[in-house]
Amino acid sequence: MHARERVARNLAAALLAGAWTRRALLQRTGAILGRRTRVVQRALIADLIESAPADYPPSPEWLAAYFLGSPSFEKASISQVKNPRSVPVVLKPARFAPAKRFAGIEVPRLAAPGDLAKWLGISADQLDWLSDARRQHGVTDIPILQHYRYAFAPKKSGPPRLLEIPKPRLMAIQRRILHDILDAVPTHDCAHGFVAGRSCLGAAQIHAGERIVVTVDLKGFFLNTRLSRVHGTFRSLGYPWAVARLLTGLCSSAAPKSVFTRLPVASRHDWSTQKTYQSPHLPQGAPTSPALANLAAWHLDARLQGLARSFGANYTRYADDLAFSGDEAFAGRIKPFLAAVDGIVRDEGFVLNAQKTRVMRRGTCQRVTGIVVNDHVNVSRPVFDALKATLHNCIKNSPAAENRAGLRDFRAHLDGRVTWVENVNPARAERLRRMFNEIMW
């Protein structure tokens with residue numbers, strides 16, 4: 001192996017040994033190539049981040065080849081190439097090594113791709129195929145070769161939401177990853193969606209009785225969650241680079257371009273959104289996506305909680321719904337606060353949906369996750385009245401006549417809606433429960 005290739009491979013191994021962020025990459029590059037070429041190293045890392053083929057770390061082979069073809073690397077590594085023995089060797093066997101914060105978490109200890117394949121009960125070739133290691137599934141139009149079924153769900157406005165539902169084999173694998181790995185990892189205290197023991201009701205209760213309530217919405221929460229954060233989550237849990245990459249691949253998707261041709265031209269997503277769907281991302285429909293998105297948003301939650309505390313405010317997040325509340329002093333500083341929120345959200349790789357920002361002052365109906373929080377948590381009058389009217393019509397006309405949507409188990413559907421009101425406001429729900437019990441099923 002030539003000296004230049006040895007330095008390139010050694011640098012690639014060093015960069016993949018830690019966080020995939022500009023600052024961390026620069027620190028490890030300096031440790032390998034020294035301090036004399038810092039300016040050139042900055043250019044090298046900037047070009048690398050711009051050229052990386054995916055939103056999470058590339059393979060060691062790709063990195064080494066990239067360095068060997070980079071003029072910046074050639075300039076930055078002159079002294080090391082002349083004296084390759086001066087470069088500290090970092091090529092060590094992969095091992096399971098969790099970060100300090102996750103050291104006590106009980107998860108499967110998988111040190112190599114073979115360990116992951118054995119744990120899942122599949123062959124190495126099947127693991128590569130299911131994790132889309134060769135990036136082929138985003139370009140195939142043959143349904144039998146695709147790991148997901150695709151459907152579109154209408155939204156109140158804009159193009160429909162793309163649902164990517166894993167096929168049974170991949171679904172079973174994702175559920176095992178969720179139950180045996182992700183469920184063991186604690187989420188941020190401010191995250192209330194998709195977390196055992198927490199709910200939208202708990203999120204709403206934190207904001208009850210406040211002078212002002214502000215809600216903002218993250219655009220494309222799953223779609224815009226960086227896979228580098230997902231990969232970093234698995235790395236922090238202790239999984240070596242190769243295992244973390246395969247786990248990330250098993251939990252992500254790249255939608256074929258042909259999926260969008262099913263929509264009428266007027267209803268299609270814009271070019272940028274389609275390209276994002278066609279790149280690896282967290283699919284809406286995979287059981288692992290909510291947990292991974294929550295864990296990837298840890299820094300977002302921590303920074304927004306810190307910002308809220310500095311303004312004397314409360315903060316919760318339920319999936320993509322962010323809520324803040326506070327007293328009169330907070331209400332007087334709402335504009336700079338929202339500007340700071342937008343800055344943090346963008347810095348963390350997300351985008352706010354400005355059209356869904358709501359500033360609700362005392363005297364208006366204040367809602368968080370659809371629940372009224374003016375004085376205490378409550379069900380809104382329109383929701384209560386609509387459910388009461390449905391129950392009345394079921395008593396009067398029969399449930400079959402009222403089941404206009406053709407729901408398979410209309411009784412369970414109505415029972416669930418009444419139970420929801422009981423959870424929010426038991427006293428108010430007594431009348432609804434009596435009406436439900438009067439229905440002749």
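**Aromatic pairs, cores and a helix**

Mentor: A search of the whole structure finds 15 aromatic pairs, where rings of Phe, Tyr and Trp (its six-membered ring) pair if their centres lie within 6.5 Å. This is a predicted model, in which local features need pLDDT of at least 70, side-chain atom pairs count only at pLDDT 80 or more, and totals for chains, interfaces and linings use all residues. Residues are numbered from 1 along each chain as its sequence is written, and side-chain values use heavy atoms, with hydrogens and water left out.

Trainee: Are the rings of Phe67 and Phe73 stacked or edge-to-face?

Mentor: Planes under 30 degrees apart count as stacked, over 60 as edge-to-face and the rest as tilted. The centres of Phe67 and Phe73 are 5.4 Å apart and the planes are at 20°, so the pair is stacked.

Trainee: What is the angle between the planes of Phe260 and Tyr277?

Mentor: Phe260 lies in the loop between α12 (241-250) and α13 (271-278), and Tyr277 in helix α13, 17 residues apart; helices (H or I, at least four residues) are DSSP runs, numbered from the N terminus. Both residues are buried, that is, under 20% relative accessible area (1.4 Å probe, protein chains only). The pair is tilted, with 5.6 Å centre to centre and a plane angle of 45°.

Trainee: Which residue has its charged end over the ring of Trp298?

Mentor: A charge sits over a ring if NZ of Lys or CZ of Arg is within 6 Å of the ring centre and within 35 degrees of the ring normal. The charged end that sits over Trp298, 4.5 Å from the ring centre, is that of Arg101.

Trainee: How many residues are in the second, separate core?

Mentor: A nonpolar core is a set of buried Ala, Val, Leu, Ile, Met, Phe, Trp, Tyr and Cys residues joined through side-chain atoms within 4.5 Å. The largest has 69 residues, and Ile177 and Phe234 are among those touching the most other members. The second core includes Val213, Val373, Phe410 and Met435, and its residue count is 25.

Trainee: Within what arc do the buried residues of α3 fall?

Mentor: The buried residues of α3 are Gln41, Leu44, Ile45 and Leu48. They line one face of the helix, because seen down the axis of α3 they fall within an arc (of the directions from the helix axis to the C-beta atoms) of 95°.

Trainee: Which residues are exposed on the other side of α3?

Mentor: Exposed means over 50% relative accessible area. On that side of α3, the exposed residues are Val39 and Glu50.

Note on methods:
Helices (H or I, at least four residues) and strands (E, at least two) are DSSP runs, numbered from the N terminus.
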